[in-house]
Amino acid sequence: MHGTQSTNPVAPLQVSLTRAALALVVIACGLALRWYGLPLGLSAFVVKYGGSLLWATMVFFLVGALLPRLTRAQIAGIAAATAVVVELSRLVHTPWLDAFRLTTAGALLLGRIFSLWNVVAYGVGIVVGVWIDRLVALRRLG
């Protein structure tokens with residue numbers, strides 16, 4: 001039963017709420033990194049790719065919150081597919097989409113410039129999400 005969720009009927013709601021809370025924490029960390037990272041002296045590399053890593057971790061937790069009965073591997077697969085589609089969407093340019101990308105929300109949700117390095121950061125972020133999710137689940141059991 002490796003990687004499966006509990007069969008307790010209360011468990012899916014508890015798992016969803018925990019993952020939603022974790023997503024909010026990750027969002028706060030990502031916003032703090034993007035807004036305060038450079039002024040605090042962090043390198044542009046850490047701010048840029050740390051933000052991408054946290055974005056993918058957030059996607060993992062949001063998918064897990066919405067689909068709590070899936071295994072971590074399934075959630076990671078959906079999160080990875082979502083991240084790759086969003087990254088590939090940066091290659092599509094229409095006036096309305098480019099205008100949205102220039103807004104703060106558009107930059108945070110979709111990004112502006114295509115980069116294969118973002119895909120690497122997303123992969124690391126999803127692995128971090130799996131790791132944190134597993135630690136939380138083990139803590140809940142023990």
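**Close-up views of a predicted model**

**View 1. Arg90 and its partner Glu87 in the predicted model.** Because its relative accessibility is 7%, below the 20% under which a residue is called buried, Arg90 counts as buried. The side chain of Arg90 meets that of Glu87 in a salt bridge, with 2.6 Å from N to O. Glu87, for its part, has a relative accessibility of 0% and therefore also counts as buried.

**View 2. The salt bridges of Asp133.** Asp133 and Arg19 meet through their side chains in a salt bridge of 2.8 Å, taken from N to O, and this pair links distant parts of the chain, since Asp133 lies in helix H6 and Arg19 in helix H1 (residues 11-36), 114 residues apart. Arg72 likewise forms a salt bridge with Asp133, the closest N and O atoms being 2.8 Å apart; here Arg72 belongs to helix H3 (residues 72-89), and the two residues are 61 residues apart. Asp133 and Arg19 are both buried, and Arg72 is buried as well.

**View 3. Helix H2 packed against helix H6.** The axes of H2 (residues 44-66) and H6 (residues 116-141) are 7 Å apart and meet at an angle of about 50°, which means that H2 is oblique to H6. In passing H6, H2 makes a right-handed crossing. Residues of the contact include Trp55, Phe60 and Phe61 of H2, and Trp117, Tyr122 and Asp133 of H6.

How values were computed. Residues numbered from 1 in each chain as written. Predicted model: local features only at pLDDT ≥ 70, side-chain atom pairs only at ≥ 80, totals over all residues. Heavy atoms only, no water. Axes fitted to C-alpha atoms, helices over the stretch in contact; angles between N-to-C directions. Helix = DSSP H or I, 4+ residues; strand = E, 2+ residues; numbered from the N terminus. Parallel < 35°, antiparallel > 145°, perpendicular 65-115°, else oblique. Left-handed = near helix turned anticlockwise from the far one by under 90°. Contact = heavy atoms within 4.5 Å. Salt bridge = Lys/Arg side-chain N within 4 Å of Asp/Glu carboxyl O. Buried < 20%, exposed > 50% of the residue type's maximum accessible area, 1.4 Å probe, protein only.
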